Every structure is written in C-alpha cells, then in structure tokens.
Amino acid sequence: MLLPHESTHQAAQHPARAGRLRRPLTRRVVPYLGLTLSDDDSRDMDPRTQVRDSYNRIAAAYLSSRRRDSPDVALLDDLVVRLPPRARVLDAGCGAGVPIAQQLATRASVVGVDFAEVQLGLAKHHVPTGVWVCADLVALPFADASFDAVCSYYAIIHIPREQHASVLNGVARVLRPRGLALLCLGAVDLPAWTEQYHNAPMYWSHYDAATSISLVKAAGLEIVWDRWVAEGTGGHLFVLAQRLSGRGDR
Ligand SMILES: C[S@@+](CC[C@H](N)C(=O)[O-])C[C@H]1O[C@@H](n2cnc3c(N)ncnc32)[C@H](O)[C@@H]1O
C-alpha cells in the first residue's frame, strides 16, 4: 500500500531510460519548486544546476557510451538532404558534438550551444570547425532567423516541461522562414524525474507525444514527420518540422 507521500509513478524507472538505474535511491516526494524529486543528494538543487553540473561531471563517460550508428543518428540524414548549400545549422544541447554536430559539420557550418562547459571543451576538440557557445536553451542568444536548421538531441527532455513551449518558441525564432528543426522530445507524460545516470544525479521532464507535437505546432512549426525511436524498454519522440513562412501563419 502506498503512503500519502509516495507515488506509484516513482516506483517505476524513467520510461526512456529503463535499465540504467545504477543504484537504488530512497524515494520520497519532496515538494521543491513544484517538482517531485527523489530523496538523493540532488534534492536541494534546482534542475538546471543539477543537469549542468552532472553533464560537466559525466562528459567523458557520456561520450564513450554515445552510439554513433543508432536509429536516432540515422534520422539526421533526412535533415541533411534537405539543407541548402552552405547551410548554417544550430546544434542545441550539443554536448561533446559527437556524433551529431560532427556529422552535420561535413555538410554545413555548425554552431553548437550547451550550458555545460566541459561538454563544450570536448566539442571544440572533436569538431574544430564548429563555433561553440555556452548558453541556456531557454534563452538562445542568437538573432532572429539566423539558422537554416536547428537540431536538438536529448537536451529538451532535461528542461522542466513548463519551459518547453518557450524553448520551442526560441527554436522557431532563430530559424529562417521555411527553416527545419529536428528535435528529440518526450514521448510519455513525465512531470519530473531524477535518477542516477553515469553515477551522477540527473533530471528529466517532458510531456506525452501528442502534447509535445502540439507545442511544436504552437511555436509556428509545421510537422514534416514524427517518429518514435525505441531505447531499451522506452523511447523518445523525434520530430522533423519546418518553420512556417511567417510565424503568424499558424
Ligand atoms: C544527453 S546530452 C546530449 C548531447 C548530444 N546532443 C548528443 O546527442 O549526444 C544533453 C546535453 O544537453 C545539455 N543541456 C541540457 N539542458 C540544457 C539547457 N537548458 N541549456 C543548454 N544545454 C542543456 C547538457 O549539458 C548536455 O550536454
């Protein structure tokens, strides 16, 4: 039987990351910033600090575990074939730049943005032709209509979901009219979740697929396709979308 402070939700692993829990955490609902956090060493941190600090700590481990030939990476081809010559592409939440920015850089000028400095240091090393910017995806520091495409793999799912609409609005804003966005978004309802990931406390938050797609549309992006990409016993939603010619054309 569940006690009032427990939730059924916390009995399960993060659906997209099932099987990756490194050590059991003592679960307890902690009302903090309106989120439900687990009772581990991360409970006093805000999600942004937790995600940034943890990716700084686990940058090398994450890079060695990052698959280069998985179905998610193959989706990139569908974006690349649609790019104009000399395209300028933003990799949002670029991490170490491998393999996404690295592959994009063979066909386009790549700008990578991430708030974890250690990740950006690795990206500079692995993709020397890229331009690397340390900033938060919630407030992209780029001019309107400055990119032909924006690509974002496994980053938006680490941002509190109440901010996903503004992140997607920012993506649409920095895209030129008819520019493309290839985005990894949540596929299941997950208000807030923390667990150990590469031995560091990590945070995820996202909506179900239908809500994620409706937020993309509300930002002024037209869906080209959406696909579920399985990972373990869970998976992620990938969306290829195109900015409407004027963002008022919704
Ligand atoms: C799972 S890694 C993905 C890295 C890379 N895109 C890939 O496909 O391997 C997530 C990255 O997103 C970054 N990130 C998460 N939230 C962010 C935010 N609000 N602003 C900037 N970067 C963020 C993290 O620092 C981390 O480098």
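## Reading contacts, helix packing and backbone angles

Reader: Which residues does Cys 151 touch, not counting residues up to four places away in sequence?

Author: Two residues are in contact if their C-beta atoms, placed from the backbone, lie within 7 Å. With sequence neighbours up to four places away left out, Cys 151 touches Leu 79, Val 89, Asp 91, Ala 92, Ile 100, Leu 104 and Leu 182. This is a predicted model, in which local features need pLDDT of at least 70 and side-chain atom pairs count only at pLDDT 80 or more, while totals for chains, interfaces and linings use all residues. Residues are numbered from 1 along each chain as its sequence is written.

Reader: Which members of the largest nonpolar core touch the most other members?

Author: Such a core is a set of buried Ala, Val, Leu, Ile, Met, Phe, Trp, Tyr and Cys residues joined through C-beta atoms within 7 Å; buried means 20 or more other C-beta atoms within 10 Å of a residue's own, exposed 12 or fewer, and partly exposed in between, with C-beta atoms placed from the backbone. Here the largest core has 64 residues, and Val 150, Cys 151, Ile 156, Val 171 and Ala 181 touch the most other members. Strand S7 (residues 175-185) gives the most to this core, contributing seven residues. Strands (E, at least two residues) and helices (H or I, at least four) are DSSP runs, numbered from the N terminus.

Reader: How do the axes of H6 and H7 cross?

Author: Axes are lines fitted to C-alpha atoms, for helices over the stretch in contact, and angles run from 0 to 180 degrees between N-to-C directions. The axes of H6 (residues 164-174) and H7 (residues 209-218) come within 9 Å and cross at roughly 40 degrees. The two helices are therefore oblique to each other, a class left over once under 35 degrees counts as roughly parallel, over 145 as roughly antiparallel and 65 to 115 as roughly perpendicular. In this pairing, His 164, Ala 165 and Leu 168 of H6 meet Leu 215, Val 216 and Ala 218 of H7.

Reader: Where is the cis peptide bond, and what is its omega?

Author: The cis bond joins Val 98 and Pro 99, with omega about 5 degrees, and Pro 99 is found in the loop between strand S3 (88-92) and helix H4 (100-104).

Reader: Is Asn 199, with its positive phi, buried or exposed?

Author: Asn 199, a residue other than glycine with phi near 65 degrees, is exposed, with 12 other C-beta atoms within 10 Å; its place is in the loop between strand S8 (190-197) and strand S9 (200-206).
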